[in-house]
Amino acid sequence: MPAPGSRPPTPSVLPFRRLRIYAFDPSASLDLQLAVVNEATVQIGGEALEPGPIGEYLEVVDVDPASGGFYAPVDLDDPVLLVQNGAAPSEGNPKFHQQMVYAVAMTTIRNFERALGRKVLWAPRIDRDEKQRYVGRLRIYPHALREANAYYSPDRKALLFGYFRASRTRPGHNLPGGLVFTCLSHDVIAHETTHAILDGMHRRYIDASNVDMPAFHEGFADIVALFQHFTLADALRQQIEQTRGDLGRRSVLSGLARQFGEAIGHYGALREAIDDLDPATGLPDPTRLAATSEPHDRGAILVAAVFDAFVTIYRSRVADLLRLVTGDGGRFPDRDLHPDLVARLTAEAVKTAGHVLRITIRALDYLPPVDVTFGDYLRALITADHDLVADDDRGYRIAFIEAFRRRGIFPKGCRSLSIENLLWEPLETQIDLGDLLKRPFGHEEARERLFEDARARAFRLQRHILDNREKIGDDAARAIGLRLDDAAPKTIRRRRDDGRPQVEVHSVRLADRVGPDGQREPQVVIEIAQERRAYRSAELQAEMDAVGRKPGVRPDFVFRGGATLIVDIRTRRIRYAIVKSIDSAARLEAERQFRFGGAAEALGATYFGAERQREPFAFLHRML
Amino acid sequence: MAKRQTASKPRRLTVRMYRDILGDCFLIRAPKGDGTANILIDCGILQGMPGAADRAVRIMKNIEAETGGRLDVLIVTHEHWDHLSGFAQAEDVFARIEVGELWLAWTEDRRDELAQTLAEGRRRALAVVELSHAAAMAMADHASPEADPEAETMDVKPRKFGFSELLAFYGLSPEEEEKEERNPTALAATGKKKRATTGSILEALRAHAKSVRYFRPGVDPVPVAGLDDLRAFVLGPPRDEAWLKRSTPRKGTGEVYQLAAGGDDDLFYLAALGAAGLDDATEQEPDLVLPFGRRRLLAFDAPATGVDHEEREARRRFAAVYDRAEDEWRRVDQDWLLAGEQLALKLDNDTNNTSLAIAFEIGRGKDARVMLFPGDAQVGNWLSWGELAWTEKGEDGTDRRIGIEDLLARTVLYKVGHHCSHNATPRERGLELMTSPDLVAMVPVVASFANDAAKHWNMPFPSLLARLEEKTGRRVIRADRSVVDFQGIATKHADRPAELDRKTWDRFLEAVREISDAEGPLAIDYALET
């Protein structure tokens with residue numbers, strides 16, 4: 001008997017599906033200004049759905065373990081719901097909750113697929129014998145927790161949302177002690193879905209090996225949630241009306257997770273994309289980054305930088321319109337706007353937000369496989385955009401560099417902040433990739449086939465590198481951050497069969513993107529990495545590097561290194577190698593300092609070290 | 001029984017740290033007339049340490065012998081197992097010891113309104129942790145097999161809640177208790193009585209002592225055991241709730257979240273634990289504790305009859321996904337219990353912050369030396385000391401202001417707080433102010449036990465330990481090192497650049513002494529000239 005939910009995807013009769021959601025969250029319906037725009041309708045693919053909803057990418061399972069039961073699944077293919085764009089927004093109807101998490105998560109997935117030029121795959125499940133198992137659907141539990149928390153569980157490949165009672169003393173717009181559902185906040189859903197997608201692309205990013213890594217996961221998830229909001233045209237139009245076009249001002253759109261924030265006793269949204277500016281200079285404080293280590297606070301600086309770039313681009317795009325109205329391209333009107341102007345500004349803002357969202361997502365392919373920093377992300381942004389859009393006539397790249405620079409985000413090892421210097425370096429000596437590219441990248445339809453194909457290619461490439469390590473040579477291996485020679489530190493993980501250094505090929509994925517001039521940029525992104533046992537002290541590390549193993553001495557953490565290789569399919573050349581060396585002593589020392597020397601470690605880490613590894617986001621997101 | 005004169009007439013004040021335990025037990029003996037005044041600060045061993053009860057009996061016997069069965073002052077810094085357990089584990093021995101004054105923080109004073117509020121909060125939080133733990137245990141019977149330590153896999157992901165370890169701080173962890181009692185001698189020693197908890201021990205101590213004194217920070221210096229040249233400056237716990245709740249070094253809005261979590265907002269979570277009777281408010285409308293009321297919820301245990309087609313269909317659909325055998329790993333039955341950990345953690349931090357923190361001044365005047373015993377005070381407690389000041393008449397008749405900077409600058413012995421964890425010794429407002437060249441630190445930690453695979457606690461915290469070594473010129477007395485170790489350290493480092501000279505080392509080596517009983521090493525004495 002085939003398990004329910006595993007039927008092959010049938011060609012759907014629906015060309016698309018429209019579903020109603022809260023544009024913000026339920027609290028906005030109690031705000032006179034926002035109530036009219038709080039109900040939005042999103043348009044997503046028309047895949048056939050089983051009750052749940054359960055589709056190709058997602059399965060919503062509405063179990064509520066704390067209450068000892070579950071809620072009946074919504075059937076979105078029910079004609080009654082089909083003709084009215086799904087259930088009406090409501091806090092009291094669990095079926096709407098299921099519909100909303102599905103709709104927003106699918107919107108997020110679609111945004112990623114458009115930007116990356118390929119289908120989204122979830123992180124595989126690693127089973128006991130280290131085999132990677134395909135996970136077809138991300139699970140979504142809309143009512144799994146009873147607390148002010150929501151998180152992505154890498155262990156379960158699932159999103160868990162909580163519900164809780166609003167603060168009795170400072171409830172904001174909420175009823176004191178009233179219920180708040182995190183699964184009804186557009187921002188929270190988009191944020192958590194982004195965690196899952198990011199984990200699917202870079203599965204080592206959940207291991208915090210430097211102060212930027214958890215912050216990057218958080219900040220990036222906020223960026224996606226934020227700009228996805230800007231694609232909801234009705235809400236945006238209303239806000240442009242209200243701010244008279246100036247999106248650089250604080251508005252409902254620049255805040256994230258409003259109800260959540262108010263319910264736990266803040267006055268406003270949970271986080272703001274606009275950072276505090278120095279009143280004297282009107283600029284953000286570039287030293288704040290160095291003084292901030294809490295992941296959300298640090299991530300907020302990244303969000304602020306991207307938002308700043310967005311505002312700069314938007315302003316330059318609407319300068320001509322402003323000149324027509326105020327006679328000054330930099331000045332927004334101080335009176336209410338003409339509806340036509342509102343419409344034009346909205347169109348520009350939606351377009352800009354779409355561009356920024358795509359640029360920020362596309363950069364993910366240009367990041368190192370491990371140990372990413374904000375500086376790396378800036379370089380990835382610039383390189384990715386440079387590859388696709390040769391002529392930066394709108395100054396997008398400058399806007400990003402400027403916004404990052406103002407917040408003290410600099411890449412390491414760059415001579416200057418010019419665009420040439422920020423591009424990743426091309427690889428000097430090419431490495432033979434075997435038959436990786438000989439077989440054409442078929443445009444597989446089924447995601448499982450895509451996954452299996454990528455696995456097979458990764459396996460063949462791994463074999464190829466291991467079998468040809470002499471031919472590749474030590475220098476070429478080091479150039480991509482690896483040590484394949486037998487003289488490598490003995491702590492580098494070895495193969496069981498021949499005892500020589502092991503290499504993992506994390507992923508081989510196609511990025512088939514289309515630039516603004518219609519030109520295609522087909523590339524293959526390869527992530528290669530190695531593991532190394534690492535120890536608390538440099539002395540012990542040196543000793544273990546020499547002897548390998550010693551009875552009774554267990555490693556304190558796993559150190560990783562390797563490279564992301566960007567291969568141009570047409571020329572079959574490795575265009576960039578984005579490297580984090582496995583034998584970099586400086587990087588190892590920095591990670592040791594971060595893990596054992598930091599002053600900002602929470603007590604939770606002291607007591608719950610083990611559980612924290614299993615659910616990294618559960619602790620990170622709680623009460624935040 | 002040991003007699004008073006067994007302790008040879010001391011000219012020096014000695015501080016004895018009991019060894020090889022993750023827990024605090026310090027005996028101070030100060031010369032008083034022809035005899036000594038005996039002051040004991042805490043006596044506890046973290047729950048789960050093998051052979052704890054055995055060790056506690058040895059320690060208590062040594063205390064009895066050393067003091068002649070009389071403690072002038074017994075100071076209990078805060079209500080945690082690793083500061084209290086010894087009084088229960090060595091109950092029979094302790095019963096023979098006479099206790100003059102019991103010193104407690106104002107937070108233990110039942111007449112104090114704020115203390116009552118705190119105690120109530122603690123009681124409730126503790127109940128939550130116990131309930132969560134019980135619920136987790138009930139559900140976790142089909143837990144994953146233990147990770148194989150020899151396995152090649154590097155990602156170890158044990159399925160584990162932290163409740164048990166937190167309950168261990170209150171003597172309430174059944175698992176940790178079991179670990180101890182695998183040791184048969186310990187079992188014989190305790191004779192298996194009613195399970196002691198931190199609350200019950202404190203209660204017994206109150207009854208045992210002749211008098212109980214509660215201290216607030218900033219009171220006039222208190223002569224210890226009637227000694228004029230040994231006075232206690234009470235630093236904490238602070239009276240301000242904001243300081244009390246501040247546990248981590250993090251800046252920003254941390255307090256706001258913690259207070260928001262305090263209130264009564266945890267009730268919703270509690271209601272799910274079935275904690276009826278814990279609080280009146282949970283006995284409200286049963287319907288309100290369900291997010292959508294009774295109507296929408298389909299209970300797991302289905303009624304056999306009276307189910308309509310729609311519900312049957314919903315049940316079938318749900319079970320087909322959630323109960324699918326090969327997707328067992330994706331279930332989320334227990335995740336909601338993790339919320340209890342947050343509460344538990346807060347409780348633990350708050351309790352540490354209620355530590356009675358004392359600076360003992362030896363002698364008088366602006367050069368008098370100070371011994372700092374902060375209990376397990378965390379950041380908030382420490383920071384609050386900055387608000388304190390005392391005024392004393394100097395020898396020349398003018399008023400002299402004594403602030404915390406002054407006391408820390410004169411500190412020559414620092415009992416490192418919370419077993420040298422990262423958040424119990426602030427940098428700028430703490431260690432960096434201890435500038436005396438004679439500074440010595442005592443660290444009640446057993447690194448091998450704290451860092452072991454099951455616990456993985458980062459104690460001692462490396463950067464803090466390194467700084468302590470620097471500040472004291474390597475005179476860090478650890479509960480898991482012996483005096484002999486210092487010989488080697490002295491030989492290796494004396495007279496080197498930026499190290500202590502040989503003379504200072506010799507003086508130090510002369511002041512430390514290994515104390516053993518019939519079974520082996522038991523304590524380390526450090527003597528200070530009076």
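Q: Where in chain A is Pro53(A) found?
A: In this predicted model, Pro53(A) lies in the loop between strand 2 (39–45) and strand 3 (58–60) of chain A.

Q: And what kind of peptide bond joins Gly52(A) and Pro53(A)?
A: The bond is cis, with omega about -5°. In general, most peptide bonds are trans.

Q: What about Gly236(B) to Pro237(B), cis or trans?
A: That peptide bond is cis, and its omega is near 10°. Pro237(B) belongs to the loop between strand 8 (227–236) and helix 9 (241–244) of chain B.

Q: Backbone angles next. What is the phi of Arg244(A)?
A: Arg244(A) has a positive phi of about 50°, although it is not a glycine. Most residues other than glycine have a negative phi. Arg244(A) sits in the loop between helix 6 (233–243) and strand 12 (255–256) of chain A, and it is partly exposed, having 16 other C-beta atoms within 10 Å.

Q: And Asp495(B), what is its phi?
A: For Asp495(B), not a glycine, phi is positive at about 70°. The residue is found in the loop between helix 19 (483–493) and helix 20 (502–511) of chain B.

Q: Is Asp495(B) buried or exposed, and why?
A: Asp495(B) counts as exposed because it has 12 C-beta neighbours inside 10 Å, and 12 or fewer is the cut-off for that class.

Q: Moving to helix packing: at what angle do helix 1 and helix 2 of chain B pack?
A: Helix 1 (residues 52–67) and helix 2 (residues 81–89) of chain B pack at about 80°, with their axes 9 Å apart. That angle makes helix 1 of chain B roughly perpendicular to helix 2 of chain B.

Q: Which residues make the contact?
A: Helix 1 of chain B contributes Ala52(B), Ala53(B), Ala56(B), Val57(B), Ile59(B) and Met60(B), while helix 2 of chain B contributes Ser85(B), Gly86(B) and Gln89(B). By class, the residues of this contact are six nonpolar, three polar and no charged.

Q: How many residues of helix 2 of chain B are buried?
A: Nine of the nine residues are buried, so helix 2 of chain B is largely enclosed by the rest of the structure. Among them are Trp81(B), Asp82(B), His83(B) and Phe87(B).

Q: How do helix 3 and helix 10 of chain A pack?
A: Helix 3 (residues 94–116) and helix 10 (residues 339–362) of chain A pack at an angle of about 75°, their axes being 9 Å apart. Helix 3 of chain A is therefore roughly perpendicular to helix 10 of chain A. The contact is made by Asn111(A), Phe112(A), Arg114(A), Ala115(A) and Leu116(A) on helix 3 of chain A, and by Leu357(A), Arg358(A), Ile361(A) and Arg362(A) on helix 10 of chain A.

Q: And what classes do the residues of that contact divide into?
A: Five are nonpolar, one is polar and three are charged.

Q: Now the core. How many residues has the largest nonpolar core?
A: The largest nonpolar core has 294 residues, and those with the most contacts inside it are Tyr141(A), Leu160(A), Leu74(B), Ile358(B) and Ala441(B). Helix 9 (residues 295–326) of chain A supplies the largest share of this core, 15 residues.

Q: What does Ala441(B) touch?
A: Not counting residues up to four places away in sequence, Ala441(B) touches Tyr414(B), Val416(B), Leu468(B), Thr472(B), Val476(B) and Ile477(B).

Q: Which residues does the second core include?
A: This separate core of five residues includes Ala534(A), Met544(A), Phe559(A) and Leu588(A). Ala534(A) is also one of the contacts of Pro555(A), with Arg533(A) and Tyr535(A), leaving aside neighbours within four places in sequence. Pro555(A) is in the loop between helix 17 (538–547) and strand 16 (557–568) of chain A.

Q: What joins strand 17 of chain B to strand 18 of chain B?
A: A hairpin joins them through two residues. Strand 17 (residues 512–517) of chain B pairs with strand 18 of chain B in the antiparallel sense over six bridges, and Ser516(B) has Pro521(B) as its bridge partner.

Technical notes. Residues are numbered from 1 along each chain as its sequence is written. Chains are lettered from A and ligands numbered from 1 in the order in which they are written. This is a predicted model: local features need pLDDT of at least 70, side-chain atom pairs count only at pLDDT 80 or more; totals for chains, interfaces and linings use all residues. Axes are lines fitted to C-alpha atoms, for helices over the stretch in contact, and angles run from 0 to 180 degrees between N-to-C directions. Helices (H or I, at least four residues) and strands (E, at least two) are DSSP runs, numbered from the N terminus. Angles under 35 degrees count as roughly parallel, over 145 as roughly antiparallel, 65 to 115 as roughly perpendicular and the rest as oblique. Two residues are in contact if their C-beta atoms, placed from the backbone, lie within 7 Å. Ala, Val, Leu, Ile, Met, Phe, Trp, Tyr, Cys and Pro count as nonpolar, Asp, Glu, Lys and Arg as charged, and the others, Gly among them, as polar. A nonpolar core is a set of buried Ala, Val, Leu, Ile, Met, Phe, Trp, Tyr and Cys residues joined through C-beta atoms within 7 Å. A residue is buried if 20 or more other C-beta atoms lie within 10 Å of its own, exposed if 12 or fewer, and partly exposed in between; C-beta atoms are placed from the backbone. Two strands pair if DSSP finds at least two bridges between them.
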